[in-house]
Amino acid sequence: MLYQGRPILSKNQSRTKSIVRIALTIAIMAVSAWVTIPIGPVPFTLQCFAVAFAICVLPPKECLAAIGGYLVLGAFGVPVFSSMRGGIAVLAGVTGGFLWGYFIGGLAALGILAAFKKAGRNRTLIACFCACLAYLLCTYACSTIQFMFVAGASLEAALAACVLPFVVVDLIKLAAASVVSRAVDRAVGINRIQAA
């Protein structure tokens with residue numbers, strides 16, 4: 001059977017492809033975390049782009065599985081976090097809020113995408129960017145709160161370390177992730193096939 005010129009997969013084929021997409025996304029997140037520029041207590045990485053890409057291009061369950069799988073691998077000590085680190089200590093450290101924020105932000109972003117879908121604007125560029133913005137705000141909130149708690153810092157100091165140096169670059173990364181994910185989805189048709 002074909003759907004818009006593409007073959008409809010059996011359940012086993014579909015499950016295999018889903019697992020492959022999740023694994024590839026986890027790998028992209030890990031590699032993006034290794035691209036690190038230390039600029040203070042919180043390094044600059046490409047993780048924001050990788051997670052935003054996952055939010056925009058993957059179906060909701062696969063997206064959460066990829067982010068969750070990434071965090072679990074890191075928690076077990078696999079060096080998938082920034083500067084090739086892993087372990088519970090990283091999740092509990094001053095920058096750990098960013099990592100928890102990816103999952104919480106992913107949930108918020110998928111809620112935004114669901115609202116756009118209900119309004120008949122499924123996975124448009126605007127929908128993706130708004131979802132990514134919700135993800136980023138949640139990530140900033142989680143990172144700021146954990147930085148304040150672990151480092152004993154004031155709100156102003158936490159914002160100066162976790163948010164202010166990154167806002168402009170992160171917004172550019174979100175825009176890039178939204179555009180790239182739309183191009184990938186047009187080429188591969190993940191969400192169209194899932195909806196069939």
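**Reading helix contacts**

Modeller: In this predicted model, Tyr140, Ser143, Thr144, Phe147 and Met148 in α6 meet Leu155, Ala157, Ala158, Leu159, Ala161 and Cys162 in α7, where contact means heavy atoms within 4.5 Å. Helices are DSSP runs of H or I with at least four residues, strands are runs of E with at least two, and both are numbered from the N terminus. Because the model is predicted, local features need pLDDT of at least 70 and side-chain atom pairs count only at pLDDT 80 or more, while totals for chains, interfaces and linings use all residues. Residues are numbered from 1 along each chain as its sequence is written, and side-chain values use heavy atoms, with hydrogens and water left out.

Colleague: At what angle do the axes of α6 and α7 cross?

Modeller: Axes are lines fitted to C-alpha atoms, for helices over the stretch in contact, and angles run from 0 to 180 degrees between N-to-C directions. Here the axes of α6 (residues 125–151) and α7 (residues 155–162) come within 9 Å and cross at roughly 125°. That makes α6 oblique to α7, since angles under 35 degrees count as roughly parallel, over 145 as roughly antiparallel, 65 to 115 as roughly perpendicular and the rest as oblique.

Colleague: Is the crossing of α6 and α8 left-handed or right-handed?

Modeller: A crossing is left-handed if the near helix is turned anticlockwise from the far one by less than a right angle, and right-handed if clockwise. The crossing of α6 and α8 is right-handed, and the two helices pack at an angle of about 140° with their axes 9 Å apart. Among the residues that meet are Phe129 and Leu136 in α6, and Leu171 and Leu174 in α8.

Colleague: Which angle do α3 and α5 make?

Modeller: The axes of α3 and α5 (residues 96–118) come within 9 Å and cross at roughly 175°. That makes α3 roughly antiparallel to α5. Their contacts include Ile67 and Leu71 in α3, and Tyr102 and Phe103 in α5.

Colleague: How many salt bridges does the count come to?

Modeller: A salt bridge is a side-chain nitrogen of Lys or Arg within 4 Å of a carboxyl oxygen of Asp or Glu, and by this rule the count comes to two. In one of them, Glu62 pairs with Arg21, the closest N and O atoms being 2.8 Å apart. Glu62 lies in helix α3 and Arg21 in helix α1 (residues 11–34), so this pair ties together parts that are 41 residues apart in sequence.
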